[in-house]
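Please open the model in your viewer and keep the selection tool at hand.

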Amino acid sequence: YGKTVFSGEKIEEFDVEILGVLKNWEAKTDMILVKMSGEPLDKTGIISGMSGSPVYVGDRVIGAVSYGWSFAKEAIAGVTPIKNMLQVLELHDDEEKKQLGASAESWESSLALQESSVKEVLEKRGLDEYPLRLVPIITPLVVSGFDQRVLKDMSSTLQKFGLFPVQGGGEALSSSDNVELLPGSAVAAVLAKGDLNAAAVGTITYREGDTILAFGHPFIQSGRADIPMAGAHVYTVIPSQSTSLKIAAPTRILG
């Protein structure tokens with residue numbers, strides 16, 4: 001099963017079927033292939049804003065929903081193993097990067113290189129294109145205070161960073177005075193606050209004390225950075241054949 005927020009700030013569970021493991025999808029890294037189901041995923045497919053949603057076997061987290069296929073008929077996703085996410089905590093200050101970089105656009109591989117069990121699963125679901133192509137789930141960037149014409153001009157640049165601009169409101173009122181960020185909670189990285197607001201919305205995968213892992217895939221590729229973190233309130237999920245997404249807004253800054 002997995003956890004995420006579909007409405008408000010309530011963490012809900014969804015069903016997960018493990019389909020197989022994509023071997024060596026990135027250098028020395030495997031990707032867990034899953035099918036997600038339950039409401040509203042049966043209607044929406046993968047939802048932008050789900051990046052980081054933790055997946056569990058029993059009571060143990062195995063990774064985060066983070067990659068998918070565009071226009072897929074089912075909510076089939078790639079799960080980044082938690083082992084690889086925990087390695088981020090071992091980075092040192094001397095590995096800091098000073099400039100932003102575009103996110104990885106996609107990963108592709110010959111389907112013939114995968115195990116027969118994985119090939120069979122993908123072929124049955126119509127995901128037998130050559131080459132096999134996985135892309136990071138697009139991160140919704142909730143913005144307010146921007147003119148629509150400016151937003152249109154920004155879109156192509158933001159998409160290079162895996163961000164999908166969505167017009168929304170500024171800070172939302174939380175349903176609770178004591179917002180607690182837990183695995184499955186919606187989280188926002190606040191990139192601008194004031195007359196102009198911009199916040200990238202994702203999901204928390206793992207927490208240990210005050211240390212939190214989220215998103216499950218690279219976020220704006222900035223290396224070590226200080227970005228305000230807030231909770232997020234999800235107003236609704238908009239289904240779409242291309243990219244379903246969460247309409248959300250950040251709550252107060254927490255760290």
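Select lysine 23, which counts as partly exposed because its relative accessibility is 41% (buried means under 20% relative accessible area, exposed over 50%, and partly exposed in between, with a 1.4 Å probe and protein chains only). Side chains of opposite charge can pair when their charged atoms come close.

This is a predicted model, in which local features need pLDDT of at least 70 and side-chain atom pairs count only at pLDDT 80 or more, whereas totals for chains, interfaces and linings use all residues. Residues are numbered from 1 along each chain as its sequence is written, and side-chain values use heavy atoms, with hydrogens and water left out.

Next, select lysine 35 and glutamate 74, whose side chains meet in a salt bridge at 3.0 Å, N to O. Lysine 35 lies in strand 3 (residues 29-37) and glutamate 74 in the loop between strand 6 (60-68) and strand 7 (76-81), so the pair ties together parts that are 39 residues apart in sequence (strands are DSSP runs of E, at least two residues, and helices are runs of H or I, at least four, numbered from the N terminus). Lysine 35 is partly exposed at 23% relative accessibility, and glutamate 74 is partly exposed at 26%.

Then move to arginine 207 and aspartate 210, which form a salt bridge with their closest N and O atoms 3.7 Å apart. Which of the two classes, exposed or partly exposed, does aspartate 210 belong to? Aspartate 210 counts as exposed, at 76% relative accessibility, while arginine 207 is partly exposed, at 32%.

Finally, show the whole chain, which has four helices and 16 strands and holds four salt bridges. Buried residues make up 45% of its 255 residues. Among contacts (heavy atoms within 4.5 Å) between residues at least 6 apart in sequence, 64% join residues at least 24 apart.
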